[in-house]
Amino acid sequence: MGEAANPALALRDLRRARHHRHRDEVDWVETLYRVYVTVLSGAAVIWLSVSKVTDASARQGGLAHIRDHGAAVLGLVAAFLVALGLRSGSRGGPLSLEAADVRVVLLAPIRRRLALRAPALHQVRSAAFVGICVGAVVGNLAGHRLPGTFAGWVAADAGFGLLVALLSVGAALLACGLRLIRPAAGAIGAAVLAWSAVDVATDAATSPLTRVGRIGLGPLPGDVSGGPLALAIVVGVGLVVAILAGSAARLGHMSLEAADHRGRLAAQLRFALSLQDLRAVILLRRRLAAEEPRARPWVRLGEGRRRPVAPERAGPSRPRRRGAQATAGDAGPAASRGRGRLAVGRDGMFAAVGRRGLHSVLRWPTTRILRVGGLGLVAGFAAAGAWKGTTPLVVLAGVALFVAVLDALEPLAQEMDHPTRRDSFPLLPARLAIASLVVPALALAVTTALGAGVATAVLGIMPGPMLISILPATAAAVAGGTASLVLEPVSAAEVMSRYPVPEAAGPVLVARLGFAPGLAIVGWLPLLAGRTALHQHLSPGAAVFQSGIAVVGLSMLVVRALTAHFEKKRAVPAP
């Protein structure tokens with residue numbers, strides 16, 4: 001009787017029963033196949049980026065720069081993740097509870113702290129595992145180029161990743177328990193970022209996150225900024241323990257309304273991920289972050305120039321006199337073609353599509369502008385790091401631009417979301433898609449130029465090759481983003497039906513999933529060609545330009561093929 005009346009035991013039995021029911025409904029063949037594909041793709045990426053890349057060791061000037069600024073830069077990365085955690089916590093995160101947990105368990109006569117203990121521990125374990133894995137991969141790369149023992153770099157960076165992941169999820173749990181409003185969470189996150197940015201600018205170690213960043217440089221010999229390593233470990237562990245203890249004390253004070261809203265959106269997000277519906281994932285993530293377009297644009301555009309259209313007259317039309325000059329309306333499409341493509345693009349339907357795309361960019365909220373700009377900076381610094389010798393950073397640069405272009409391609413995505421409206425326009429869908437890519441491509445080019453320019457100025461590298469590589473990187477990223485929107489998702493069951501042997505189906509599915517981001521990564525390969533030419537005492541700018549032309553041509557061919565495929569996906573059958 002005492003055991004049955006114990007709320008903790010009853011909750012444990014209910015969760016075990018639900019876990020067993022879910023386990024019985026799992027398709028183990030599908031699950032094992034997904035694990036197989038995930039392990040295969042992850043192992044291939046790590047093997048190609050680490051084992052097959054033989055970069056030279058960092059030079060003395062680069063080592064001095066790392067010793068002086070490395071800890072502060074790593075602290076800035078930790079501050080960014082903490083700010084993200086605070087932002088997530090102010091929106092009900094990081095826990096994503098099921099509807100039964102919110103509407104039954106949290107409303108039952110049981111302490112909410114006890115009910116939320118298991119989901120919180122699961123979230124902390126998952127974040128810790130991801131942090132250790134990412135840190136170990138970064139340590140593997142650093143161990144090939146920096147002095148110090150290889151095992152020491154892997155262990156130090158894995159520990160740094162663990163602490164940063166725990167800080168981020170702990171900050172999110174604490175903000176959720178304190179019920180921080182969004183402006184307060186944003187202000188605290190901005191203050192944390194500004195503190196670490198001051199350390200980067202002044203070569204100081206005033207922020208505790210800079211001390212945490214010193215852990216990531218543990219094996220580096222010499223006088224490293226950030227203070228003694230032992231003190232950094234004590235500060236990092238103490239900070240993590242303090243934040244996790246505070247979040248545990250406030251664990252049961254979360255908002256039920258925010259938890260219910262987040263749980264419903266998270267369930268839809270998991271379903272969209274299972275279907276590989278990237279567009280649905282983007283829309284649900286925006287709803288999860290409460291990211292809405294601005295009601296008023298940042299800059300208002302003037303009224304577009306409109307040509308007067310003569311009204312139709314009732315009754316029979318009079319025959320035209322011989323020798324009279326035909327108007328554009330009388331001549332039909334032939335007259336429009338005779339006016340020239342430039343006039344049609346300036347005053348016709350292409351101008352309307354471009355104007356609508358510009359309106360879309362001008363209504364971006366502040367968070368989207370900061371996110372796209374931050375991704376441009378990440379791409380620029382990663383490309384600069386690849387130019388300085390760390391070749392695998394081209395993968396990070398390509399992935400950053402690929403994520404940025406998914407936000408920039410909103411005009412084309414809107415046409416995909418409303419196929420009936422798209423087919424009602426007096427314009428072929430392929431031309432509509434090409435016209436919808438102009439403004440996003442310009443916005444992404446500006447973002448890439450911003451990142452490349454800042455990275456060039458900060459790291460002091462050659463500006464010519466970096467600036468030339470902006471064009472192929474932008475073109476390839478736009479092609480990859482278009483592929484992710486236009487191509488239909490491929491499920492594992494469909495691939496298995498075509499390739500009954502898993503050894504044949506696995507690489508095909510990996511190639512299909514990696515096609516779109518792979519195109520974005522290819523856009524930065526001309527920069528590596530310029531680096532190779534520099535080592536061979538050739539002109540790096542010419543090498544980047546020549547290989548960049550090939551990448552741009554390939555991207556244009558891919559976009560043309562994708563727009564032709566886009567034209568076949570009609571919601572209204574052609575007459």
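A residue counts as buried under 20% relative accessible area, as exposed over 50%, and as partly exposed in between. The model is predicted.

**Salt bridges**

The whole structure holds 10 salt bridges. One of them joins Asp417 to Arg279, with N and O 2.9 Å apart.

Glu291 pairs with Arg371 in another salt bridge, where the closest N and O atoms are 2.9 Å apart. Here too distant parts of the chain are linked: Glu291 belongs to the loop between α13 and α14 (328–331), Arg371 to helix α18 (residues 366–388), and the two are 80 residues apart. Glu291 counts as buried, with 4% relative accessibility, while Arg371 is partly exposed at 22%.

Arg371 also meets Asp407 in a salt bridge, again with an N to O distance of 2.9 Å. Asp407 lies in helix α19 (residues 393–408), 36 residues from Arg371 in helix α18. The relative accessible area of Asp407 is 4%, so Asp407 is buried. Through shared partners, salt bridges join Arg279, Arg286, Glu291, Arg368, Arg371, Asp407, Glu410 and Asp417 into one network.

| Salt bridge | N to O distance |
|---|---|
| Asp417 and Arg279 | 2.9 Å |
| Glu291 and Arg371 | 2.9 Å |
| Arg371 and Asp407 | 2.9 Å |

**A buried arginine without a salt bridge**

Which side chain of opposite charge is nearest to Arg91? It is Glu291, 7.8 Å away. A salt bridge requires the nitrogen and the carboxyl oxygen to lie within 4 Å, and Arg91, although buried, has none. Arg91 is located in the loop between α4 (60–89) and α5 (99–105). The Arg91 side chain does reach the backbone oxygen of Arg87, at 3.3 Å. Glu291, for its part, is in a salt bridge with Arg371.

**The second largest pocket**

The second largest pocket contains about 890 Å³ of space. It is lined by 22 residues, and those closest to its centre are Arg18, Ser96, Glu98, Asp101 and His122. Two or more lining residues come from each of α2 (7–25), α7 (117–145) and α12 (256–274). Helix α2 provides the largest share, seven residues. Sorted by class, the pocket lining has 10 charged, seven nonpolar and five polar residues.

**Cavities**

How many cavities of 30 Å³ or more are there? The count is three. In the second largest cavity there is about 40 Å³ of space. Its lining consists of Leu95, Leu116, Leu173, Cys176, Gly177, Arg250, Leu251 and Met254. By class, six of these lining residues are nonpolar, one is polar and one is charged.

Conventions
Residues numbered from 1 in each chain as written. Predicted model: local features only at pLDDT ≥ 70, side-chain atom pairs only at ≥ 80, totals over all residues. Heavy atoms only, no water. 1 Å grid on protein atoms, 1.4 Å probe; cavity = no way out; pocket = protein on both sides within 12 Å on 5 of 7 lines; lining within 4 Å. Points joined across faces, edges and corners; volume = space filled by probe spheres on them. Helix = DSSP H or I, 4+ residues; strand = E, 2+ residues; numbered from the N terminus. Nonpolar A, V, L, I, M, F, W, Y, C, P; charged D, E, K, R; others polar. Buried < 20%, exposed > 50% of the residue type's maximum accessible area, 1.4 Å probe, protein only. Lys, Arg positive; Asp, Glu negative; His and termini not counted. Polar contact = N/O pair within 3.5 Å; in protein donor to acceptor, adjacent residues only side chain to side chain.
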